[in-house]
Amino acid sequence: MKHILIVDDEPMVRMGLAKLVRQCNPLFRPVVVANGVEALEHISKQRPDMILTDIRMPKMDGLALCRQIQELTINVPIVVISGYDDFTYAQKCLTYGVKEYLLKPLTEHELYPVLNKLLLEQDQAQPISFFQVEEWLERVESTIWSADLEALHGLMDVWKQGDLTKGIQVEQLERIIADGLKIVVKKLNAHGMVTFTTSAPLTQLNTIESAIVYLQQELVSLYHQLFLWRGGNQKSLFEEAKAYIDLHISEELSLEEVAEKMGLAPTYFSYMFKKMTNETFVQYRMKKRIEMAKRLLEMPHYKVVDVGVTIGYQNYPYFTKIFKKMTGCSPSEYRCMLGIK
């Protein structure tokens, strides 16, 4: 459906133009207003696909309307339909980006080719860069998982500038937003730690502006879902990090790997881990390994040499050195203290 705004102060002319537009194509939906002021009010609520405007009107004439639209940098083709065959008017219109200057009385033979040509040009003007949209979605997911609300708003500002989806229709934008949110949710859920969800819009998204507002609301909602899961602070995140380390205690797990799993930069993760746990990543992992080693040494069927390998130390002398450093005795001495030979 193509939304075509007709601006003319004469009721009969408005009705006549609306009839011509409907007859041109059943998918063309004409909307009529009486002057430039009403036109701008309508544009602020619902951006049209094309504007047909008269020149001389009360409150705000057609030239002033064209100038305002140009200043708003709204990418909408404008056709001026005037009763004045005046070169000065036509020249002025061109400076405001007007695509066509037609004279009244207007027939379908003059109007239809212009409607079809300009709408076709608009559809083909700038194809969507799916690569750029996908790249933006990846940055959004990373930003949400890192709990960086300020950066998330910055990414929304990039979207609002219109470079990603410039010139597309609201129906296309709705589909892109719906699919984009599904992709972000899928990426967030892939971390396997919390289930994220989005909500359908409460009302139909009839304008570019309302679609963008909906997108921002849903992305901020995803951020808050993560924030609440973390207990309103970073504590739950680092409890999750410790649980992940414990689960992989026998592996050569690096700080960088755990930081990536938590969705944080390694330097920030290292700093916050020590702040939250009062020990470094290496100290925590070493402590947990020795705790496991003690439990295994308490089991008589485990050979002392196998305990080190089981907790991730392939080199037995090194395991013995670390164990003695942490407990004050060697693994064999610890087992003898338990009465196990």
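## Aromatic pairs

Phe273 and Phe281 are both buried. In this predicted model, the two residues form an edge-to-face aromatic pair, with 6.4 Å from centre to centre and 70° between the planes of Phe273 and Phe281. The structure holds 8 aromatic pairs.

Phe323 and Tyr334 form a further pair: their ring centres lie 5.7 Å apart and their planes stand at 70°, so this pair is edge-to-face. Because Phe323 belongs to helix 15 and Tyr334 to helix 16 (residues 331–337), the pair ties together parts that are 11 residues apart in sequence. Phe323 and Tyr334 are both buried.

## A cluster of rings

Ring pairs join Phe323 and Tyr334 into a cluster with Tyr313, Tyr316, Tyr318 and Phe319. Tyr313 also has a charged neighbour: the charged end of Arg289 sits over the ring of Tyr313, 4.8 Å from the ring centre.

## Thr320 in helix 15

Thr320 is part of helix 15, which covers residues 316–327. Thr320 has a relative accessible area of 19%; the cut-off for a buried residue is under 20%, and Thr320 is therefore buried. Leaving aside residues up to four places away in sequence, Thr320 touches Ser330 and Pro331.

## The chain as a whole

The secondary structure of the chain comprises 16 helices and 5 strands. Of the 341 residues in the chain, 45% are buried. Among contacts with a separation of 6 or more, 66% are between residues 24 or more positions apart.

The chain exposes about 18600 Å², and carbon and sulfur atoms supply 54% of this area.

Notes
Residues numbered from 1 in each chain as written. Predicted model: local features only at pLDDT ≥ 70, side-chain atom pairs only at ≥ 80, totals over all residues. Heavy atoms only, no water. Helix = DSSP H or I, 4+ residues; strand = E, 2+ residues; numbered from the N terminus. Buried < 20%, exposed > 50% of the residue type's maximum accessible area, 1.4 Å probe, protein only. Contact = heavy atoms within 4.5 Å. Areas by Shrake-Rupley, 256 points an atom, 1.4 Å probe, with all protein chains shown as cover. Phe/Tyr/Trp six-rings, centres within 6.5 Å; stacked < 30°, edge-to-face > 60°. Lys NZ or Arg CZ within 6 Å of the ring centre and 35° of its normal.
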